[in-house]
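Reader: I would like to learn how to read a model like this one. Please take it feature by feature.

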Amino acid sequence: MAKLPPFPGTSGRRDWKTAVDAIRKLLANGDDTTQVFRIMRALNVGNAPTNYARLIANEQGGRIAYDRVELAQRFSDPAFVASFAPGTVGAAYRDFLETTGYSADGLVEVSKLEPSEDDLAHPYAWFGRRVRDTHDIWHVLTGYKADESMGEACLVAFSYAQVGGLGWAFIGGAAALKSIKVTGSGLFAKAVWEGYRHGRKAKWISGEDYLTLLHEPMAAARARLNIAEPVLYKHAQQVLGPAMASYLSDRRDDAAGAAAVPVAEQIAA
C-alpha cells in the first residue's frame, strides 16, 4: 500500500499529557464528550494518511475520494433521511435519530468544541469527517447502543480494529478496565473485547459508498460486511442492567431503577 506524507504542519508526536488529562476527565464523567475529541487529536497521529491511502487503494475508493461528499450535510437533510425504504440501513438510521434525538449536525458541533484541522480543505481532514459522520451508522450496523457507556465502549473497540488510531484503543481500554472495579464483573470488559474482535473480522466499512449502503436491506448489509452478532454484549446488558451498562454516565439509573437517560454521543473521527 502506498505511503502518503503526514498531515501538513503536524509534528508527528503524540501528546500523552493531554490524553491522560482527558481520559481522567472522561472516566469521571462519560457525558463530557469534548474529552473524546481531545484524546483522538492527541493520540491518532499519522492515522489519517494510513486510512486515506487505504481508501484510494480500494476499488471504489478513488471515486469516493474524488467525489468528496460531505456526509454530515447529506445526513442533516430531512428529505434525504426520509427517503429510505423500510428494512434498509437508512431506515434503521432514521429510527435511530428519532429515538435518540441525536443528529449529524449536532455531532459536528460537538467536534468543534476545540480548535482543530477538521474543517480544512484537505483529503485527510475530509476522511476524518467521514469517519466522524458515519459513527452513528456504525451503531446501527453493529447493534451497539449509543445511549449507553458499554455500547459506546464496544463501538470504540470495533472502530480501533477498523481504522486504527491509538486514541480509540486508549478510550476503550480505560473504560473496560474501570468497569471491572465499578461493576464487580468482567462482563463489560469482555463485551468490549468482543467489539474489537468483530471489528477485525468485518469488512473495512470506511471503504463503503454510504449513499449506496443506506439503501441496502439491513440483514443483507450485515452479512455482506461480515458484522457478527454481539452475543457477549447483549449478555452483559441483561446481567448488568441499564445502570451498570452506563456506569460512565452521570445520568445513569438511580438506585431505584429508573429508566436510563441517554448519554452524549461519545465519539470522534
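Author: Take a pair of helices to begin with. Helix α1 (residues 16-28) and helix α12 (residues 166-183) pack at an angle of about 40°, and are therefore oblique to each other. Angles under 35 degrees count as roughly parallel, over 145 as roughly antiparallel, 65 to 115 as roughly perpendicular and the rest as oblique. The model is predicted, with local features needing pLDDT of at least 70 and side-chain atom pairs pLDDT 80 or more, while totals for chains, interfaces and linings use all residues. Residues are numbered from 1 along each chain as its sequence is written, and side-chain values use heavy atoms, leaving out hydrogens and water.

Reader: At what distance apart are the axes of α1 and α12, and what is the hand of their crossing?

Author: Axes are lines fitted to C-alpha atoms, for helices over the stretch in contact, and angles run from 0 to 180 degrees between N-to-C directions. The axes of α1 and α12 are 11 Å apart. A crossing is left-handed if the near helix is turned anticlockwise from the far one by less than a right angle, and right-handed if clockwise. The crossing of α1 and α12 is right-handed.

Reader: Which residues make the contact between α1 and α12?

Author: Contact means heavy atoms within 4.5 Å. From α1 come Trp 16, Ala 19, Val 20, Ile 23, Leu 26, Leu 27 and Ala 28, and from α12 come Leu 166, Phe 170, Ile 171, Ala 174, Ala 175 and Lys 178. Sorted by class, the contact of α1 with α12 has 12 nonpolar, no polar and one charged residues. For these classes, Ala, Val, Leu, Ile, Met, Phe, Trp, Tyr, Cys and Pro count as nonpolar, Asp, Glu, Lys and Arg as charged, and the others, Gly among them, as polar.

Reader: How do α12 and α13 lie to each other?

Author: Helix α13 covers residues 187-201, and packs with α12 at an angle of about 155°, the axes being 7 Å apart. The two are therefore roughly antiparallel. Their contact is made by Gly 172, Ala 175, Ala 176, Ser 179 and Ile 180 of α12 with Phe 188, Ala 189 and Val 192 of α13. By class, the contact of α12 with α13 has six nonpolar, two polar and no charged residues.

Reader: How many helices and strands does the protein have?

Author: Helices (H or I, at least four residues) and strands (E, at least two) are DSSP runs, numbered from the N terminus. The protein has 16 helices and zero strands. Of the contacts with a separation of 6 or more, 76% are between residues 24 or more positions apart.

Reader: What share of the residues is buried, and how many residues of α2 are?

Author: Buried means under 20% relative accessible area, exposed over 50%, and partly exposed in between (1.4 Å probe, protein chains only). Buried residues make up 51% of the 269 residues in the protein. In helix α2 (residues 34-43), nine of the 10 residues are buried, so the helix is largely enclosed by the rest of the structure. Among the buried residues of α2 are Arg 38 and Gln 35, as well as Phe 37 and Met 40.

Reader: How many aromatic pairs does the structure hold?

Author: Rings of Phe, Tyr and Trp (its six-membered ring) pair if their centres lie within 6.5 Å; planes under 30 degrees apart count as stacked, over 60 as edge-to-face and the rest as tilted. The structure holds 13 aromatic pairs. One of them, Trp 138 with Phe 158, is edge-to-face, at 5.9 Å centre to centre and 80° between the planes. Trp 138 lies in helix α10 (residues 135-142) and Phe 158 in helix α11 (residues 149-163), so the pair ties together parts that are 20 residues apart in sequence. Trp 138 is buried at 3% relative accessibility, and Phe 158 is buried at 0%.

Reader: Is the pair of Trp 193 and Tyr 196 stacked or edge-to-face?

Author: Trp 193 and Tyr 196 are stacked, with 5.2 Å centre to centre and 25° between the planes. Both lie in helix α13, three residues apart, about one turn of the helix. An α-helix has 3.6 residues a turn, so residues three or four places apart point the same way. Trp 193 is exposed, with a relative accessible area of 51%, whereas Tyr 196 is partly exposed at 22%.

Reader: Where does Asn 226 lie?

Author: Asn 226 lies in the loop between α15 (218-224) and α16 (231-245). Its phi is positive, about 60°, although Asn 226 is not a glycine.
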